[in-house]
Structure formats: C-alpha cells, structure tokens
Amino acid sequence: MRQKNEHADTRRHQFLNQPTLGVLCIGAALVCHPLLAQSKPEPPDVLFGPLFQAVQQQQIFPDQKTFADAVPKGVPKDILKAWQHQKQQPGFELATFIQDHFILPNSADGYVPPEGQTLRAHIDTLWPQLTRTTQAAGIYDSLLPLPEPYVIPGGRFREVYYWDSYFTMLGLAESGHWDVVQEMVDNFAAELDRYGLIPNGNRSYYLSRSQPPFFSLMIDLLASHKGDHIYVKYLPQLVTEYNYWMDGIEELKNGKANKRVVKLADGSVLNRYWDARNVPRTESWLDDVSTANKLASDIGSGNGEQAKKALYRNLRAGAESGWDFSSRWFSDPQQLVTIRTTDLLPVDLNSLVYHLQKVIAYAYELDHKDALAQQMITNANLHKEAINRYLWNSSAGWYGDYNWHDGKLHDQLTAATLFPLFLHVASQPQANQVARAVESKLLKPGGLTTTLIHTGQQWDAPNGWAPLQWVAVEGLSSYQIDGVAKEVGLRFLRNVQATYDKEHKLVEKYVVSGDKLGGGGGGEYPLQDGFGWTNGVTLMLLDKYCPKNTVCNSAHDIPEH
C-alpha cells in the first residue's frame with residue numbers, strides 16, 4: 001500500500017508541474033494545443049458564444065448539458081466562421097452541423113445487475129461502473145483533467161462532483177477501496193493547487209464556483225485509516241480551501257459582503273454562497289434565460305438588465321450550495337424568480353467552515369505551528385459563536401439561514417438544521433430541541449424530507465436526499481439522540497431497498513412522504529440512476545443497521561425500529 005501511495009503522490013506532482021493541462025486527441029480532427037498549467041480554460045458558452053446560444057435556443061438536445069459537454073473537432077473560431085457561412089446556405093440544419101463539428105458525449109446506459117444480486121453486492125459491483133480516468137483532455141474540452149481515477153455520480157453527471165464525493169467516499173471506504181479514497185483526495189488537492197478552489201465539478205464551466213466545503217471531512221476520513229500525518233500532508237490544500245471561502249475579508253467593512261464572506265454589523269464573520277459569473281449557467285442556459293425573461297416580464301422596464309445579472313448570480317450561487325433548487329433560497333417559496341441565495345448566510349455552509357477551521361488548527365498543532373494553530377482556534381470559536389447568535393432560532397428550537405441584508409432569520413425549517421449537530425456546533429440542549437423539531441416535522445415514512453414545502457423544485461418536499469439522511473443520522477447519534485437517528489436511517493434504508501427490490505437500481509433522490517415512496521422527481525432534469533452518494537450512504541446505513549452477518553435481502557428484512 002505504501003508503494004502505491006508513493007506512486008500516486010509522484011503522479012500528482014508530475015501532473016501539477018507539467019507545462020500544459022494535457023491533451024487527448026480523439027481522431028485526427030480534434031485540436032490539441034499546449035495550455036499553461038495555471039490558466040483557467042474558457043467555458044463553452046464563452047468559446048462559442050452565439051453558436052452555443054443558438055444550439056440551446058433551438059433545443060437540439062433534450063438535456064442542455066449535452067452540448068456543454070461536447071468536444072469540438074476544431075478551433076472554436078474556425079467552427080464559428082464555418083457556422084456563420086453555412087447557416088446562410090439553403091437547407092442548412094444546425095443539428096447536422098453540430099454532429100459534423102463536435103464529438104457528443106456518450107449516453108450512459110443504466111447498469112443492470114445480475115438476477116438475484118443483493119443491494120449490498122450491487123453497490124460493490126457499481127463502483128467500477130462509475131469509475132473514470134481523465135489524466136488529459138483536449139484544450140477546448142470542457143472536461144478538466146485529473147491525475148487519478150475518480151468515481152462519478154452516474155447518469156447525466158459524467159464528471160466528479162465536489163460534495164457528492166464525500167458521501168461516495170464513505171461507501172468506497174466501507175467497501176474497502178481506500179486506494180480510491182486516496183486517489184480522490186489527491187484529485188481535489190490537485191485542483192486546489194492548480195485553480196485555488198475545488199470546483200463544483202471538473203468542467204471548465206464550473207470553475208467560477210465551488211460546492212459545500214467537505215474537503216476537511218475527506219481528510220478526516222482518510223486520516224481515520226492512515227493516521228494523523230494525513231492532516232499535515234494536506235495542510236497546504238486545507239489552507240487554500242479556507243482562503244477561497246474567506247477571500248476579501250481583509251478590507252471588508254462591517255455590514256458588507258465580498259464574494260463568499262460577510263462581515264455583520266457587530267464585526268461577526270460568516271459565509272455565503274456566491275459565483276464569480278453573473279450570466280446563465282452553461283449547463284442550464286435555456287432554463288436560466290427563461291427564468292430571467294419571466295423576471296423581466298414581472299418587473300417591466302427600468303433596471304431589467306441589472307436585475308437579470310443579479311438573478312443569474314443567485315441561480316449560480318444556488319448551484320454552489322448543492323441545493324439547486326429549493327424554496328429555502330426564495331423570497332416567495334413558489335417562485336424561482338425570487339431566489340436570493342447571496343442574501344442568506346446558510347447554516348450548513350457555516351457549520352462546514354467551522355469544521356474546516358478546526359481541522360486546520362489541529363493540522364497546525366501537529367506541524368508544531370502553535371501560533372497559527374491558536375489563531376485558527378480563535379477564528380473557529382468566533383465562527384461558532386456567530387452561528388449560534390445569528391442562525392439559532394431560539395423561539396422555534398432549530399437552526400436556520402440568516403438574511404444579512406434584512407437582518408432577519410429565515411423562519412423556514414429545512415434538513416440543513418442538522419448540520420450544527422453533524423459538525424458539533426450545537427450545545428446538548430440545542431441538539432435536543434432540533435431533534436424534537438425534526439421528529440415532529442421533517443421525519444416522514446420514507447426518511448427525512450428536505451423541506452416542508454411542495455414547490456416542484458427537487459430540493460423541496462416530498463424529496464429526501466441520501467447525504468442529508470447521513471448528516472441527520474450521524475449528527476443525532478453524536479448527541480446520543482439515537483432513537484430519532486435510527487428512525488431516520490431505517491426509514492430511508494427501507495425506501496432505498498424497496499425501490500431496488502422493484503426496479504433493481506439506486507437513484508439520485510427519493511420521495512419520502514405521501515402514499516407512493518420511491519424515486520423522486522422535480523427540478524430541471526429527469527431522475528438519474530447511479531448513484532454515487534446514494535450508494536455510499538446506503539452502504540453506511542446497511543453497515544450500521546443491517547450488519548453483514550444478518551440477512552437483509554429485501555425491504556421486509558430491514559427492522560421497523
């Protein structure tokens with residue numbers, strides 16, 4: 001194992017120090033050019049401008065992400081010139097032009113398990129099906145190369161995703177694939193070294209934003225297997241991650257925000273989601289344009305363009321949150337156009353930042369940098385105090401998101417309320433109150449519902465998501481609230497198992513309330529099979545509540561309580 005890890009470290013070092021981002025030539029027509037390692041490649045909506053917009057407006061592909069992931073067979077300016085010329089010709093068909101000038105991504109067919117395969121065995125055999133290797137990519141490919149293999153979610157998600165990967169890695173570890181856990185940590189470390197952030201996913205169009213910062217939890221996971229030296233090894237990348245979320249704090253005045261950091265009127269510092277771009281998302285371009293057009297229709301003339309830019313920024317910030325989309329971010333729960341993600345200080349994000357600070361402090365201690373360790377401990381304590389001052393709803397007994405613009409705590413209860421338990425921000429009395437709220441309001445027959453509001457958005461009722469179930473189970477258990485934790489875990493596990501019994505697959509999200517449980521719905525795209533984080537959380541729940549020496553081959557085998 002040591003030899004393999006040293007070899008992996010060498011590959012990562014070579015990858016980061018090569019003079020180019022690497023190239024992959026598929027066929028003679030694919031352009032391969034050198035690109036400086038520290039540069040950030042342009043996304044396809046920038047490279048192809050009007051052509052990109054025309055493809056999305058004409059809805060040539062059912063999924064807007066398809067063309068975002070297509071690989072050009074030539075230099076963009078030459079393709080654009082050919083398009084400008086050919087579209088004037090009689091009988092021109094844009095779909096044919098795209099087929100001729102781009103390599104389209106393969107459609108991912110669902111993996112069908114062997115007859116009679118148990119859920120646990122199915123997940124174990126899924127890992128290689130979801131593993132990809134991209135050590136090099138074409139200069140105009142939106143896919144970003146990574147030095148090591150990685151596990152994707154599945155379905156339309158053909159790349160690695162940041163916060164998904166932590167829950168996937170839990171399952172990989174449970175399956176004994178610690179080598180893959182190491183490789184994925186090295187990939188994220190390489191992205192931090194190269195780009196200064198872990199992007200939403202390894203695509204050029206994701207480089208303007210990150211996702212919930214789970215890197216410090218990944219380091220915890222790897223250190224649990226390999227020892228505390230892991231903290232020191234990845235200390236530089238942990239600090240880079242922290243600097244990304246705190247960028248702009250130095251010159252920030254009270255009551256102001258800069259990128260992802262906000263300084264409140266009393267000097268308290270908390271974080272928000274934000275995106276460096278204020279244009280439609282590349283992967284959901286037409287959806288965002290349609291939303292912006294509705295906004296323009298609602299507000300009429302005047303500041304329409306500025307309002308659209310603000311809307312695009314908030315949609316992108318919502319995507320950075322991972323909860324894309326949820327009434328959690330809306331002024332009017334039923335209206336996406338009222339999204340105001342950047343106005344909110346989210347409880348889950350700030351709990352994760354607190355954990356990051358604690359891990360960095362511990363790594364500094366191990367590295368005998370006592371002054372830096374003490375400073376980070378001070379920062380962490382201040383962050384924890386601010387969470388409990390601004391994000392704790394004392395009258396309702398749960399944690400929520402704070403609107404720093406309006407100076408008000410958002411009164412909506414969501415599954416994010418459990419992050420302060422998961423990351424040890426809450427006191428025991430606070431945890432007890434959260435547990436009562438969760439048990440009475442969010443706990444449903446099929447698991448933990450994301451919110452209590454039905455909107456048609458995928459991060460709202462009646463959907464439940466695997467990562468939020470695990471956050472709940474672990475968070476509640478860490479405060480010895482084992483009964484509620486077990487109910488959340490068992491109900492979701494039975495839901496997953498029953499769906500597998502009927503359909504022989506795992507999916508991205510599940511309906512947890514109502515008469516019909518099973519695969520979830522809503523949002524911008526159809527339900528996806530795979531599915532990385534569901535696989536990981538399901539294995540952890542099976543390990544916790546249905547150990548390998550017991551029989552759990554169907555939903556009927558999983559205990560009721």
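This is a predicted model: local features need pLDDT of at least 70, side-chain atom pairs count only at pLDDT 80 or more; totals for chains, interfaces and linings use all residues.
Residues are numbered from 1 along each chain as its sequence is written, and side-chain values use heavy atoms, with hydrogens and water left out.

Gln211 itself is located in the loop between α9 and α10; helices (H or I, at least four residues) and strands (E, at least two) are DSSP runs numbered from the N terminus. With a relative accessibility of 5%, Gln211 counts as buried, where buried denotes under 20% relative accessible area, exposed over 50% and partly exposed the range in between (1.4 Å probe, protein chains only). When neighbours within four places in sequence are set aside, the residues in contact with Gln211 (heavy atoms within 4.5 Å) include Tyr161, Asp164, Ile198, Asn200, Trp245, Ala319, Glu320 and Gly322. Asn187, a residue of helix α9, is also buried, at a relative accessible area of 2%, and under the same exclusion of sequence neighbours it is in contact with Leu146, Pro147, Glu148, Pro149 and Tyr150.

The structure contains 31 aromatic pairs, a pair being two rings of Phe, Tyr or Trp (its six-membered ring) with centres within 6.5 Å, stacked if the planes are under 30 degrees apart, edge-to-face if over 60 and tilted otherwise. One of these pairs, formed by Trp163 and Phe214, is tilted, with 6.0 Å between the centres and 40 degrees between the planes. Because Trp163 belongs to helix α8 (residues 162–174) and Phe214 to the loop between α9 (178–195) and α10 (215–226), the pair ties together parts that lie 51 residues apart in sequence. Trp163 and Phe214 are both buried. For Trp459 and Trp533, the ring centres are 6.2 Å apart and the planes stand at 80 degrees, so this pair is edge-to-face. Here too distant parts of the chain are linked, since Trp459 is in the loop between β14 (447–448) and β15 (463–464), whereas Trp533 is in helix α21 (residues 532–545), 74 residues apart. Trp459 is buried at 1% relative accessibility, as is Trp533 at 3%. The four residues of these two pairs, together with Tyr166, Phe167, Trp323 and Trp465, form one aromatic cluster.

Helix α8 comprises 13 residues and extends 19 Å from its first C-alpha to its last, close to the 18 Å expected at 1.5 Å a residue, the expected span being 1.5 Å times one less than the number of residues. Since 13 of the 13 residues of α8 are buried, the helix is largely enclosed by the rest of the structure. Gly176, which follows α8, has a positive phi near 90 degrees.

Charged groups also lie over aromatic rings, a placement that requires NZ of Lys or CZ of Arg within 6 Å of the ring centre and within 35 degrees of the ring normal. Arg328 is placed over the face of Trp323 at 4.5 Å from the ring centre, and the charged end of Lys87 sits over the ring of Trp83, 4.1 Å from its centre.

Cis peptide bonds occur from Asp324 to Phe325, with omega near 5 degrees, and between Ala461 and Pro462, where omega is about 5 degrees. Phe325 is part of the loop between α14 (304–321) and β8 (344–345), while Pro462 is placed in the loop between β14 and β15. Positive phi is found at Gln59, about 50 degrees, and at Lys259, about 55 degrees, although neither residue is a glycine.
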